[in-house]
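Subject: Structure handover

Hello,

Here is the structure I promised to pass on. Please open it and keep it beside you while you read my notes.

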Amino acid sequence: MATLASTSRQTIAQTICRRTFATEAPSRPRLSASVVLNRAPLLTPTPSAFESAYYNYQYKLHRALSTPFPQHFYFKKGTNLQQRFYNEEKDRDKWAFGTGFGKGVRLRLPPLPYDKPLPREHDADRTGDVKSLDRKGERNLYLLLQTKDKGRRWRLPQGIAAPGEALHVAAGKQLASECGDEMDTWMVGRQPIGFYEDSEKVFFFKVHIFSGQVNLNSSNVQDFAWLTKEEIADRVEEAYWSGIKDMLSNH
């Protein structure tokens, strides 16, 4: 009887000891890879007032000091090319030195298709087409996706990395799975450019698009848009914006 009681006390003591010192095995963190898909600017920035004044001054100075162009050597006398050059020289003198210059009889010639430069504003800017890659030619654009989950939230392309899978590989796969394979893209490097933690740990990778367009390929994504940094701030949640804003260009 005494032996049984002693054995019971020993068993209880061992159980208490195991419960006291046992630690729960840490859960494996869920890692996600996200893509910051960037369309670089298509146009040079519009000069500021100071830059325009500087370039105008340099142009006038160069025009006043340069040697006259030997047009008789390069153009046959009386040809349309010589007459067109004559008209263009008058326009350049008037633009550089004012209305008192560039006077004279202008020759009537049929216009060339490249005489008038194309506008810096695209049709997509006038119509508000946020899915066009031709909009906002002076700015960096980034791809944003709208999900079908509760709240219809906007985010960058993102997905969970498989166990043992390299994060940059997972980012490329997720971009193709959500946005299709009709885009020619280039991942800048294998190292992430940023990190964000909410319900999961998200690593961001910089990718450039050269050609093609998004072809939504996921049942969880309902819409997409190419947006500037300021436009992204108006669509994403505040906490998400705080995590990604420093990865986006201000230009």
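Asp93 is partly exposed, with a relative accessible area of 25%. That label covers values between two limits: buried means under 20% relative accessible area and exposed means over 50%, using a 1.4 Å probe and protein chains only. The model is predicted, so local features need pLDDT of at least 70 and side-chain atom pairs count only at pLDDT 80 or more, while totals for chains, interfaces and linings use all residues. Residues are numbered from 1 along each chain as its sequence is written, and side-chain values use heavy atoms, with hydrogens and water left out.

Salt bridges

Asp93 forms a salt bridge with Arg63, side chain to side chain, at 3.0 Å from N to O. (A salt bridge is a side-chain nitrogen of Lys or Arg within 4 Å of a carboxyl oxygen of Asp or Glu.) Asp93 sits in helix 4 and Arg63 in helix 2, so this pair ties together parts 30 residues apart in sequence. Helices here are DSSP runs of H or I with at least four residues, strands are runs of E with at least two, and both are numbered from the N terminus.

Glu89 also meets Arg63 in a salt bridge, again at 3.0 Å, N to O. Glu89 belongs to helix 4 (residues 80–97) and Arg63 to helix 2 (residues 49–65), so the parts tied together are 26 residues apart in sequence. Is Arg63 buried or exposed? At 18% relative accessibility, Arg63 counts as buried. Glu89 is partly exposed, at 21%.

Shared partners join Arg63, Glu89, Arg92 and Asp93 into one salt-bridge network. Elsewhere, Glu165 and Lys173 meet in a salt bridge of 3.1 Å, N to O. Lys173 counts as exposed, at 51% relative accessibility. A search of the whole structure finds 13 salt bridges.

Aromatic rings

How many aromatic pairs does a search of the whole structure find? It finds eight. Rings of Phe, Tyr and Trp (its six-membered ring) pair if their centres lie within 6.5 Å; planes under 30 degrees apart are stacked, over 60 edge-to-face, and the rest tilted.

Tyr54 and Tyr55 have ring centres 5.8 Å apart and planes at 65°, so they are edge-to-face. Tyr54 is partly exposed at 44%. Tyr55 is partly exposed at 48%.

Next come Phe75 and Phe85. Their ring centres are 5.3 Å apart and their planes lie at 35°, so the pair is tilted. Phe75 is in the loop between helix 3 (71–74) and helix 4, Phe85 is in helix 4, and the two are ten residues apart. Both are buried. Phe69, Phe73, Tyr74, Phe75 and Phe85 form one aromatic cluster.

Arg235 lies over the face of Trp154, at 4.9 Å from the ring centre. The test is NZ of Lys or CZ of Arg within 6 Å of the ring centre and within 35 degrees of the ring normal.

Strand 2 is mostly covered, with seven of its seven residues buried. In a regular strand the side chains alternate between the two faces of the sheet. Leu141, Leu143, Leu145 and Thr147 point one way, and Tyr142, Leu144 and Gln146 point the other way.

Two strands pair if DSSP finds at least two bridges between them. Strand 2 runs antiparallel to strand 8, with six bridges joining them. Leu145 stands opposite Phe224 there. Strand 1 pairs with strand 2 in the antiparallel sense over two bridges, and Arg39 stands opposite Leu141. Strand 3 (residues 154–155) also pairs with strand 2 in the antiparallel sense over two bridges. In that pairing, Gln146 stands opposite Trp154.

The cores

The largest nonpolar core has 21 residues, and Leu37, Leu143, Cys179, Met183, Val214 and Trp226 touch the most other members. (Such a core is a set of buried Ala, Val, Leu, Ile, Met, Phe, Trp, Tyr and Cys residues joined through side-chain atoms within 4.5 Å.) Strand 1 (31–39), strand 2 (141–147), helix 6 (167–179), strand 7 (201–212) and strand 8 (221–227) each supply at least two of its residues. Another core, of 17 residues, lies apart from it and includes Leu156, Val202, Tyr240 and Ile244.

Best wishes
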